[in-house]
Amino acid sequence: MLRYLTAGESHGKAIIAILEGMPAGLKVDAGIINKELKRRQQGFGRGKRMQIENDKAAIVSGLKSGVTLGSPITLCVENKDFSIEKLQKVVCPRPGHADLAGLLKYGFNDIREVLERASARSTVALVGIGAVCKIFLGNFGIKIASSVLSVAGLIGKQGMINKITEAIRKKDTVGGIFEVIAGNVPVGLGSYAHPDRRLDGRLAQNIMSIPGIKGVEIGLGFGYARSFGSQVHDAVYYSKEKGYFRKTNHAGGIEGGVSNGEDIIIRACMKPISTLINPLGSVNINTKKSHPAAVQRSDTCVVEAAGVVAESAVAFILADAFLEKFGADSLLDIKANFKAYIKRIS
Ligand code: EPS
């Protein structure tokens with residue numbers, strides 16, 4: 001079993017990730033982790049914080065001479081903006097954020113105690129973990145990529161840029177839809193045997209847990225609901241060269257909770273960032289009087305970055321499912337298990 005824990009506040013000392021269950025013998029290039037962290041910081045519409053931070057991971061445990069030991073891998077990304085003790089109180093909850101629910105849940109009297117951990121800055125940790133998982137999956141030819149499909153309902157690069165520019169001008173925010181594709185995934189990851197082992201459920205859960213994500217669909221997704229079965233199920237073919245194959249991939253690479261060997265295709269929708277420079281109405285938690293919501297430095301659009309984070313969410317789940325199927329303590333043994341399986345099914 002592969003598992004991870006993350007820790008850290010947005011303006012605390014650092015963001016930390018611990019990944020447990022990676023086999024021994026995997027070469028991990030810190031440069032690749034840092035490249036992924038950089039990708040998370042980019043995209044048109046990011047705010048001022050991204051000009052302050054230059055996220056770089058220190059590998060604190062789990063590696064010797066750049067190779068995994070099979071022990072927990074700890075990544076630590078220091079926050080340049082380490083100002084948590086100096087920041088002022090926040091007393092007007094932002095609609096759409098965890099502010100009010102978190103305040104009531106924990107019994108705080110300062111919303112900052114909530115937003116420091118609820119901040120999407122925590123996604124630094126998942127991207128670090130995802131980078132290690134991608135390196136692992138890369139040993140088996142599995143590749144994961146993402147792209148932005150639309151912003152505020154507009155498609156095409158220029159349309160999306162225009163919408164973000166309009167949002168910047170209006171001091172507003174915009175969300176959108178992104179797609180993650182995992183290629184070269186072998187047939188047989190996940191299981192139909194029990195709900196919590198289904199690959200689709202696990203992927204959706206991990207993507208939905210990214211801040212701001214409001215919907216996830218796999219393959220044709222909600223499109224299935226508009227069609228006849230004969231139009232949307234992917235007919236099966238066989239040839240000596242290819243083995244079993246499909247000419248369509250409406251299932252998005254998963255049938256019955258199990259990967260079917262086609263590309264895994266996932267789309268997710270992200271809501272507009274809830275911190276608005278022109279804030280919506282709210283209530284002062286001390287006076288209980290109407291007052292505009294708190295204004296924090298924020299981003300205008302983070303759909304591209306959310307795609308990068310979702311790649312990591314997918315990488316983690318695929319690595320977990322891969323280890324479940326072929327797992328062993330060392331990469332060498334996993335490669336042997338994988339080879340034997342591919343031989344059996346081909
Ligand atoms: C983020 C860091 C945050 C925000 C953003 C994501 O930095 P700060 O709050 O200091 O400006 O830019 O977080 C949110 C939009 C949010 O709602 O939590 C990051 O590193 O991605």
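Modeller: We may begin with the ligand. A polar side-chain atom of Arg46 is found 3.1 Å from one of the ligand's oxygen atoms. Such a polar contact is a pair of N or O atoms within 3.5 Å; within protein, one must be able to donate a hydrogen and the other to accept it, and residues adjacent in sequence count only if both atoms are side-chain atoms. The model is predicted, so that local features need pLDDT of at least 70 and side-chain atom pairs count only at pLDDT 80 or more, while totals for chains, interfaces and linings use all residues. Residues are numbered from 1 along each chain as its sequence is written, and side-chain values use heavy atoms, leaving out hydrogens and water.

Biologist: How far from an oxygen atom of the ligand is the side chain of Ser119, and how far is that of Arg121?

Modeller: For Ser119, an N or O atom of the side chain is 3.4 Å from a ligand oxygen; for Arg121, the distance is 3.0 Å. The protein covers 91% of the 480 Å² of accessible area that the ligand has on its own. Accessible areas come from the Shrake-Rupley method with a 1.4 Å probe; for residues, only the protein chains shown count as cover.

Biologist: Which residues come nearest to the ligand?

Modeller: His11, Arg40, Arg49, Arg297 and Asp299 come nearest, out of 13 residues around the ligand. A residue counts as near when one of its heavy atoms lies within 4 Å of the molecule or strand in question.

Biologist: What is the order of the strands in the sheet that contains E1?

Modeller: The order is E1-E2-E6-E3, in an open sheet of 4 strands with antiparallel pairing. Strands (E, at least two residues) and helices (H or I, at least four) are DSSP runs numbered from the N terminus, and two strands pair if DSSP finds at least two bridges between them. Strand E1 (3–7) and strand E3 (57–61) each have a single partner strand, so one side of each is left without a neighbour in the sheet. From one strand to the next, the twist averages 20°.

Biologist: How many bridges join E2 to E6?

Modeller: Strand E2 (residues 14–20) is joined to strand E6 (residues 73–78) by 6 bridges, and the two run antiparallel. Ala17 stands opposite Leu75 in E6. Helix H1 (residues 30–40) lies across E3 and E6, at about 135° to E3; angles run from 0 to 180 degrees between N-to-C directions of axes, which are lines fitted to C-alpha atoms, for helices over the stretch in contact.

Biologist: Which strands form a hairpin with 3 residues between them?

Modeller: They are E10 and E11. Strand E10 (residues 236–239) and strand E11 (residues 243–246) run antiparallel and are joined by 4 bridges. Tyr238 has Tyr244 in E11 as its bridge partner.

Biologist: Is Ser259 buried or exposed?

Modeller: Ser259 is buried, at a relative accessible area of 1%, where buried means under 20%, exposed over 50%, and partly exposed in between (1.4 Å probe, protein chains only). Ser259 belongs to strand E13 (residues 258–259). A polar atom of the Ser259 side chain lies 2.8 Å from the backbone nitrogen of Leu189. Leaving aside residues up to four places away in sequence, Ser259 touches several others, including Val187, Leu199 and Ile264; contact means heavy atoms within 4.5 Å.
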